[in-house]
Amino acid sequence: MASPQSKYIYTPLDPTTQEIRLSALHPNASLTAPVILTLSTASLATKPKYEAISYVWGDPTITAPISLDGVSVEVTTNLETALRYFRLETEVRILWADAICINQRDDSEKNVQVSIMGDIYRSCSKCLAWLGGDLDGDGAVTFAMIEDIALSKTIPLVECVNTIEHPISWLKSLSSMMQRPYWSRIWVVQETILPLIAEYWCGRSTIDRKVWTTACQHVGYQHLVQIAKLCEPCNLGLFAFLSEAGNRIVWNLNATATTAYSPSDGFWALHNTQRLLCQNQLDKVYAVRALTTPVFQSAIAVDYGNTTLNRLSVQVLQADAIDGGSLPYSCPSWWPVPQWKPELVDIYETSSNSTIFKVLQDPNFHTSGSSKVVLDLESIEEGILGVLSTLVDNIDASSGDHVAIKKSVQVCEKAILPASKYPGGGTTSNALWRTLISDHVLKEDNKWNRADQAHEQTFWSLWSKISTRRLSEFLVSATSSKMSGPEFYAFLVFHYATNLRSFLTTRKGYIGNRPNATRSGDEVHLVAGSNWPLMLRKISDATASSPATYRRLGKCYIHGIMDGEAAENFEERATEIHLA
């Protein structure tokens with residue numbers, strides 16, 4: 001962040017009372033009139049009435065003047081423009097804006113104000129989110145379409161059917177909308193999720209955040225089966241809309257229009273914002289700190305003056321260990337030790353742009369039994385993470401390297417007898433269909449559950465259709481026949497469970513699915529506290545002074561060990577290894 005370029009002198013705030021500054025925006029009926037503000041202070045404990053602004057700072061070298069307590073202050077042109085649009089004609093409007101209400105030149109004040117940023121947005125009467133101007137009218141068109149989708153529960157796909165291009169499209173306007181810089185900024189996510197009421201502004205057009213999120217929920221499944229029938233601009237717009245961080249976070253919490261945001265996972269917000277931008281890398285955590293659990297927040301101290309990204313990473317590791325311990329298998333892409341960090345891509349994801357489901361430390365699995373997370377952070381600054389682990393199996397040479405799951409399963413189908421015995425119990429046929437959906441089903445309420453035998457016939461009926469035609473042809477067929485119900489949800493699970501993954505067999509005769517990056521000889525490990533087996537590749541053997549060192553490749557599904565069958569006497573068998 002850049003500070004306002006002025007000689008304005010801020011009066012210090014009282015950090016013990018959650019004191020904040022509020023700005024009174026003076027009224028004016030003219031959009032072009034100069035912006036005049038007056039500052040005051042208030043304690044959040046007194047529940048002051050104000051609206052908070054969410055916006056993109058923009059280029060700090062391109063500024064415009066405003067009047068702050070009679071002093072000319074330079075702020076970015078985007079903020080100055082937003083204030084002119086937010087200004088009322090006849091009444092003062094009380095606002096909170098970070099660039100104005102926080103002394104950006106005082107790190108001590110910033111530490112305190114950023115640490116209560118969640119409370120500031122949670123306490124405001126409304127968040128005004130400025131997306132930018134609307135000179136071409138795309139904003140008004142997009143907002144109208146989203147309101148229609150939220151109301152009708154359908155997306156306007158007729159324009160794209162049987163055409164390569166179309167000159168005018170509401171969906172193309174959505175693509176233009178989602179390319180605005182606002183959606184790339186990490187701070188805006190908590191700013192629109194935490195308030196009970198948030199309103200997007202594009203020029204004079206507005207739309208409620210809850211309408212926006214409701215439309216996203218309706219779009220998800222319909223878009224999946226319509227991809228082949230939409231042109232590229234429309235697909236890009238819908239992908240961007242579905243993958244907007246706020247939509248993903250709110251949807252996966254099943255938030256309602258009347259309930260406040262309440263996080264259930266300390267790391268879910270970090271995952272969904274990992275590709276968003278900020279000027280200070282510490283803000284990768286600080287900007288979404290308020291979206292994590294209270295336990296997680298209490299372990300993360302905001303300190304811009306003395307904290308490095310590596311030190312902050314250790315704080316996050318320790319916070320997550322206290323909060324439930326899923327992080328060692330779920331680090332985001334910005335993590336400062338990229339060799340051992342996983343990319344937080346679970347087995348149900350299709351890609352970073354289209355996934356809308358959350359399966360982290362899946363409580364339906366208990367691969368490592370009752371073992372608890374054990375972390376050795378002694379060498380974390382050098383990129384070494386110590387964990388307790390036991391080797392279970394190796395990928396068999398017959399699995400080869402990356403093999404499309406559909407092709408390898410078709411070969412497997414011909415090679416097995418339906419009633420042949422499986423090493424983990426039951427039949428190989430039963431193990432096969434469960435492996436293809438990672439033993440999960442998706443209910444109509446978007447909840448993941450373990451599969452039961454009643455789902456087998458549904459899956460094999462679906463498989464007979466998928467295995468005889470191209471996936472795109474299957475999607476078009478599914479759309480034209482208005483496919484829904486159990487078979488449709490079985491397809492969704494199969495799609496998420498197998499995309500970007502390969503089929504595997506192990507030396508002990510187990511079958512499963514694995515990340516494409518794995519190859520024959522890679523090892524299947526149980527790591528203390530993990531609900532999934534992990535695929536590891538050995539880098540170096542253990543020595544008298546150091547444990548064996550591995551590279552983490554990702555989670556895998558191995559049918560027959562997902563409920564702790566291989567975790568007997570885990571504590572006695574486990575040894576420390578390094579992920580480097």
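Colleague: What does pLDDT do over residues 336–361?

Modeller: This is a predicted model, and over residues 336–361 the pLDDT stays under 50, although the model has 103 contacts beyond four places in sequence for that stretch. Where pLDDT is low, the predicted coordinates should not be read in detail.

Colleague: Where else does pLDDT stay under 50?

Modeller: Residues 326–330 are another such stretch, with pLDDT under 50 and 26 contacts beyond four places in sequence.

Colleague: And what is the mean pLDDT of the protein chain?

Modeller: The mean is 79, and 75% of the residues in the chain reach 70 or more.

Colleague: OK, changing topic to the sheets. What is the strand order in the open sheet of nine strands?

Modeller: The order is E5-E4-E2-E1-E6-E3-E7-E8-E9, and the pairing is mixed. Strand E5 (71–76) and strand E9 (205–208) are the edge strands, each of them pairing on one side only, and the twist from one strand to the next averages 35°.

Colleague: How do E4 and E5 pair, parallel or antiparallel?

Modeller: Strand E4, which covers residues 63–68, pairs with E5 in the antiparallel sense, over six bridges.

Colleague: Which strands does helix H1 lie across?

Modeller: Helix H1 (residues 77–86) lies across E1, E2, E3, E4, E5, E6, E7 and E8, and runs at about 110° to E5. Helix H5 (residues 138–152) also packs on the sheet, where H5 touches E7, E8 and E9 and makes an angle of about 25° with the direction of E9.

Colleague: What about the open sheet of three strands, what is its order?

Modeller: That order is E14-E15-E19, with antiparallel pairing, and the edge strands are E14 (501–505) and E19 (557–558). Strand E15 (residues 511–515) is joined to E19 by two bridges, and Asn513 has Tyr557 as its bridge partner in E19.

Colleague: Which helix lies across E14, E15 and E19?

Modeller: Helix H16, residues 428–436, lies across those strands and runs at about 25° to E15.

Colleague: I also clicked on E20. Which residue stands opposite Ile577 there?

Modeller: Val387 stands opposite Ile577, as part of the antiparallel pairing in which five bridges join strand E11 (residues 385–394) to strand E20 (residues 575–579). Strand E18 (residues 549–555) pairs with E20 in the parallel sense over two bridges, and in E20 the residue opposite Tyr550 is Leu579.

Colleague: Last topic, the helix pair H17 and H19. At what angle do their axes cross?

Modeller: The axes of H17 (residues 456–466) and H19 (residues 486–498) cross at roughly 70° and come within 9 Å, so the two helices are roughly perpendicular to each other. The crossing is right-handed.

Colleague: And which residues in H17 meet H19?

Modeller: From H17, the residues are Thr458, Phe459, Ser461, Leu462, Trp463, Lys465 and Ile466, and in H19 they meet Pro486, Glu487, Ala490, Phe491 and Phe494.

Note on methods. Residues are numbered from 1 along each chain as its sequence is written. This is a predicted model: local features need pLDDT of at least 70, side-chain atom pairs count only at pLDDT 80 or more; totals for chains, interfaces and linings use all residues. Side-chain values use heavy atoms; hydrogens and water are left out. Two strands pair if DSSP finds at least two bridges between them. Helices (H or I, at least four residues) and strands (E, at least two) are DSSP runs, numbered from the N terminus. Contact means heavy atoms within 4.5 Å. Axes are lines fitted to C-alpha atoms, for helices over the stretch in contact, and angles run from 0 to 180 degrees between N-to-C directions. pLDDT is the predictor's confidence in each residue, from 0 to 100. Angles under 35 degrees count as roughly parallel, over 145 as roughly antiparallel, 65 to 115 as roughly perpendicular and the rest as oblique. A crossing is left-handed if the near helix is turned anticlockwise from the far one by less than a right angle, and right-handed if clockwise.
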